[in-house]
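The following exercises are to be worked with the sequence and the coordinates at hand. Each task is followed by a solution in steps.

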Protein chains: 2
Amino acid sequence: MNIGDAAKASGISTKMIRHYEGVQLLPPAQRTESGYRQYTENDVRSLQFIRRARDLGFSIDEIRDLLSLWQDRNRPSRQVKALAAVHLETLDKRLQELQAMKSALEHLVHCCQGNDRPDCPILETLAGTGNDASDADASSAQRHRHGHRITGGAA
Amino acid sequence: MNIGDAAKASGISTKMIRHYEGVQLLPPAQRTESGYRQYTENDVRSLQFIRRARDLGFSIDEIRDLLSLWQDRNRPSRQVKALAAVHLETLDKRLQELQAMKSALEHLVHCCQGNDRPDCPILETLAGTGNDASDADASSAQRHRHGHRITGGAA
DNA sequence: CCTTGACCTTCCCACCGTGGGAAACTTCAC
DNA sequence: GTGAAGTTTCCCACGGTGGGAAGGTCAAGG
């Protein structure tokens with residue numbers, strides 16, 4: 001089975017299959033004499049495993065752990081559960097941040113007339129000119145912001 | 001005002017202030033003779049505007065648009081609202097994906113005993129060995145996946 | 001046999017937003 | 001004048017994904 005077929009069968013692009021091999025998420029694939037990667041049904045099952053884990057939002061590092069637990073017949077399910085629970089908390093955090101953004105923006109959009117006039121509560125709030133107390137003027141509230149902000153971006 | 005003070009006053013790191021200038025989100029700052037960037041109260045207001053927009057999850061590109069609408073006294077609030085509405089939809093999409101992940105994972109975690117035994121519905125589901133019909137075996141369902149997947153990752 | 005087209009290989013580059021750090025310089029207070 | 005804290009630019013990293021170039025391979029059809 002060439003990489004393209006494995007890609008179709010697993011739902012992971014050829015690009016990503018090679019990438020996963022590169023970051024050691026997968027062991028180096030077998031090669032034909034000419035250098036083509038060869039995959040077995042078993043390899044495809046690993047790929048599917050990875051895809052499903054990605055679909056649940058697990059990071060590469062977490063998937064590495066999941067895979068090794070999967071391979072280990074003597075794993076205690078406790079470990080799997082713990083790993084999943086940690087990820088669940090992460091998801092929850094993101095969800096909450098996102099939900100907060102949504103509510104705030106929803107409120108603003110709702111308040112904006114959306115006509116030909118220039119007055120706009122959305123801009124006013126962003127500018128800090130709004131009468132909205134929830135401004136959180138940074139000077140006072142230097143919150144952590146140490147990590148990743150939510151990926152709310154678009155375009 | 002040096003960049004550090006502007007950073008403190010706006011809640012944006014010096015790194016990011018320079019970056020925003022680099023990607024033309026901000027006009028090039030004034031400089032002292034020795035090359036230090038100088039900021040006015042007005043500049044700080046722009047920075048705060050940006051920070052608040054980022055806090056609502058707007059992308060750099062969207063903020064560029066928001067800034068120019070803000071500067072334009074004759075903007076129709078319709079335009080601002082439209083921009084915000086588009087972003088709102090994006091947020092909503094992400095929220096839904098995230099929510100779906102969370103529910104699915106929550107279910108699995110709930111089902112897993114989390115003891116010393118190796119049986120684990122989480123792994124079984126990822127492996128596709130689970131009796132869970134919601135498997136979505138890629139071979140049949142080559143969905144778009146053309147863009148960014150949700151940033152559910154951790155670690 | 002040779003061409004053509006579909007596949008494969010590696011390698012580098014892009015996105016988004018953010019931070020880290022090096023090497024050099026400036027400013028200020030002591 | 002010396003040292004500390006600020007600033008400058010530049011390059012590199014992360015996560016995960018895709019794009020594309022330049023080249024090799026394979027099978028089918030003329």
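Buried area is the accessible area, taken with a 1.4 Å probe, that two parts lose on being put together, summed over both. The model examined here is predicted.

**Exercise 1. Describe the interface of chain B and chain A by its area and its residues.**

Solution.
1. About 6,600 Å² is buried between chain B and chain A, and carbon and sulfur atoms give 61% of that area.
2. On the side of chain B, Arg52(B), Leu123(B) and Leu126(B) lose the most area to chain A, together 11% of what that side buries.
3. Chain B contributes 72 residues to the contact, and chain A contributes 72 residues.

**Exercise 2. Identify the polar links across this interface and the elements of chain B that take part in the interface.**

Solution.
1. Between chain B and chain A, 20 residue pairs are in polar contact, both residues being at pLDDT 80 or more.
2. Four salt bridges are found across the interface.
3. Asp116(B) pairs with Arg78(A) in a salt bridge whose closest N and O atoms are 2.3 Å apart.
4. Two or more residues on the side of chain B that touches chain A come from each of helix 1 (3–10), helix 3 (41–55), helix 4 (60–71), helix 5 (77–111) and helix 6 of chain B.
5. Helix 5 of chain B gives the most to that side, with 22 residues.

**Exercise 3. Determine what covers the buried residues of helix 3 of chain A.**

Solution.
1. Helix 3 of chain A comprises residues 41–55, and its 15 residues reach 21 Å from the first C-alpha to the last, close to the 21 Å expected.
2. The buried residues of helix 3 of chain A include Val44(A), Leu47(A), Phe49(A) and Ile50(A), as well as Arg51(A), Arg52(A) and Arg54(A).
3. Their cover includes helix 1 (3–10), helix 2 (14–22) and helix 4 (60–71) of chain A, together with helix 6 (121–127) of chain B.
4. Just after helix 3 of chain A, Gly57(A) adopts a positive phi of about 85°.

**Exercise 4. Is Glu21(A) buried or exposed?**

Solution.
1. Glu21(A) is situated in helix 2 of chain A.
2. Glu21(A) counts as buried because its relative accessible area is 13%, and the cut-off for buried is under 20%.
3. Beyond four places in sequence, Glu21(A) touches residues including Pro27(A), Arg31(A), Arg37(A) and Tyr39(A).

**Exercise 5. Which residues of the largest nonpolar core touch the most other members?**

Solution.
1. The largest nonpolar core has 77 residues.
2. Phe58(A), Leu66(A), Ile122(A), Phe58(B), Leu66(B) and Ile122(B) touch the most other members.
3. Among the contacts of Phe58(A) beyond four places in sequence are Leu66(A), Leu83(A), His87(A) and Leu105(B).

Conventions
Residues are numbered from 1 along each chain as its sequence is written. Chains are lettered from A and ligands numbered from 1 in the order in which they are written. This is a predicted model: local features need pLDDT of at least 70, side-chain atom pairs count only at pLDDT 80 or more; totals for chains, interfaces and linings use all residues. Side-chain values use heavy atoms; hydrogens and water are left out. A nonpolar core is a set of buried Ala, Val, Leu, Ile, Met, Phe, Trp, Tyr and Cys residues joined through side-chain atoms within 4.5 Å. Buried means under 20% relative accessible area, exposed over 50%, partly exposed in between (1.4 Å probe, protein chains only). Contact means heavy atoms within 4.5 Å. Helices (H or I, at least four residues) and strands (E, at least two) are DSSP runs, numbered from the N terminus. The expected span of a helix is 1.5 Å times one less than its number of residues. A salt bridge is a side-chain nitrogen of Lys or Arg within 4 Å of a carboxyl oxygen of Asp or Glu. A polar contact is a pair of N or O atoms within 3.5 Å; within protein, one must be able to donate a hydrogen and the other to accept it, and residues adjacent in sequence count only if both atoms are side-chain atoms.
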